[in-house]
Amino acid sequence: MATTTAHQLVVVLLVLALPAAMSACTSEVFPSGKTYVTCQDLPELGAALHWTYYADASLSLAFVAAPAAPGGWVAWGINPTAGNGGGMVGTQALLAFVAGGASSSSSTPTVRTYNITGYDAVGAASTPIAFPAADLAADVGSGGRIRLYATLQLDKGMKVVNQVWQVGSSVTRGAPDVHAMAPENLVAMGKLVLSVGTAAASSPPAHAAGPSSNRSSSWPPSGSGRQMISRGAGTDSVSATAHVVLALLGFWAMVG
C-alpha cells in the first residue's frame, strides 16, 4: 500500500514538473557562439526570447518561434509609443521567413525590419525602424522553429519596453501575409525588463547576435495582465526542475 501511494505521489509530481522542464528556454540549443544572459518563455504562441542588455544600451537578442504554418513567418519587436499599452501599431519589428515559402530548398531565412503603422499587410521590402539594427540573421531550429538574431541600439535611459511578438502562416511574393486574429495572437505582447539581462561587459562583442549557446536566469515579470514565465537555461548545466525530475525517478526506482 505504501509503495502504491509513493508511486502515485511521484506521478503527480512528475506531471507538475515536466512542463517547466520542457520550456522553450530550457530546450533551446543554439549553434556555438555568444552566450545570452537570460531567457524568457513568452506566454503566447510558443515563443521565447533570449537576450543580453549592455551598458551602452544595446540589446543583443535571439527570438525563437515556429511559424503558424510551413512557409509562414515569425516576428518580434519593441513598441516605444507611449500610452498604447504595447499594441501592434507603432511596433519597430524584426521579421523572418524562409524565402520561397514551404517549398523552398533554402534553409536560411530572410530577415526584414518594419515600422508597423497600421493593421494592413506589410510589403515585400523592409522599412526603417527607430532603433538601429545590426547583425541581423536567422536560422531554422528543431521543429521548424525560426531563430531570429539581432542587436538593437536602444535609447539610453530605457529600463522597461513594450515587446510584441507574432507568427504568420504564409508569405506571398516575398510579402508576409496578415496573421490570424485568434485570442493568442491578439494578446502576444507584454513588458520586457531590460536590466534582468544586464551583462558585465559594457558593449557587445563582435558578432554578438549570431547563432549562440545560451545561459539564462529566472525572473517573473508581467504584462498584458498575464504572468510571463522565465526559465533558467544553460547548455552546460541541468536546470533545477530537471534535477527534481531525476531525483523523483531515482526515488521511484528505490521504492519499486
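**View 1. Strands β1 and β2 pair in the antiparallel sense over four bridges.** In this predicted model, local features need pLDDT of at least 70 and side-chain atom pairs count only at pLDDT 80 or more, while totals for chains, interfaces and linings use all residues. Residues are numbered from 1 along each chain as its sequence is written, and side-chain values use heavy atoms, with hydrogens and water left out. Strands (DSSP runs of E, at least two residues) and helices (H or I, at least four) are numbered from the N terminus, and two strands count as paired if DSSP finds at least two bridges between them. Strand β1 covers residues 38–41 and β2 residues 48–53, with threonine 38 having tryptophan 51 of β2 as its bridge partner. Six residues lie between the strands of this hairpin, in which leucine 45 takes a positive phi near 65°.

**View 2. The residues of β1 point two ways and are all buried.** Thr38 and Gln40 point one way from the strand, and Cys39 and Asp41 the other way; buried means under 20% relative accessible area, against over 50% for exposed and in between for partly exposed, with a 1.4 Å probe and protein chains only.

**View 3. Glycine 190 sits in strand β12, residues 189–193.** This glycine is buried, with a relative accessible area of 7%. Leucine 42 is 148 residues apart from glycine 190 in sequence, yet the two are 8.7 Å apart in space, C-alpha to C-alpha.

**View 4. The largest nonpolar core has 31 residues.** Such a core is a set of buried Ala, Val, Leu, Ile, Met, Phe, Trp, Tyr and Cys residues joined through side-chain atoms within 4.5 Å. Leu59, Leu61, Phe63, Trp76, Leu152 and Leu154 touch the most other members. At least two residues of this core come from each of β2, β3 (58–65), β4 (73–79), β5 (92–98), β8 (146–153) and β9 (160–168). Another core, of seven residues, lies apart from it and has Trp73, Ala75, Tyr114 and Ile116 among its members.

**View 5. The largest pocket is lined by 28 residues.** A pocket is an open set of points on a 1 Å grid over the protein atoms alone, where a 1.4 Å probe fits, with protein on both sides within 12 Å along at least five of seven lines, and lining residues have an atom within 4 Å of a point. Trp73, Met88, Ile116, Gln166 and His179 lie nearest the centre of this pocket, and the largest share of its lining, four residues, comes from β4.
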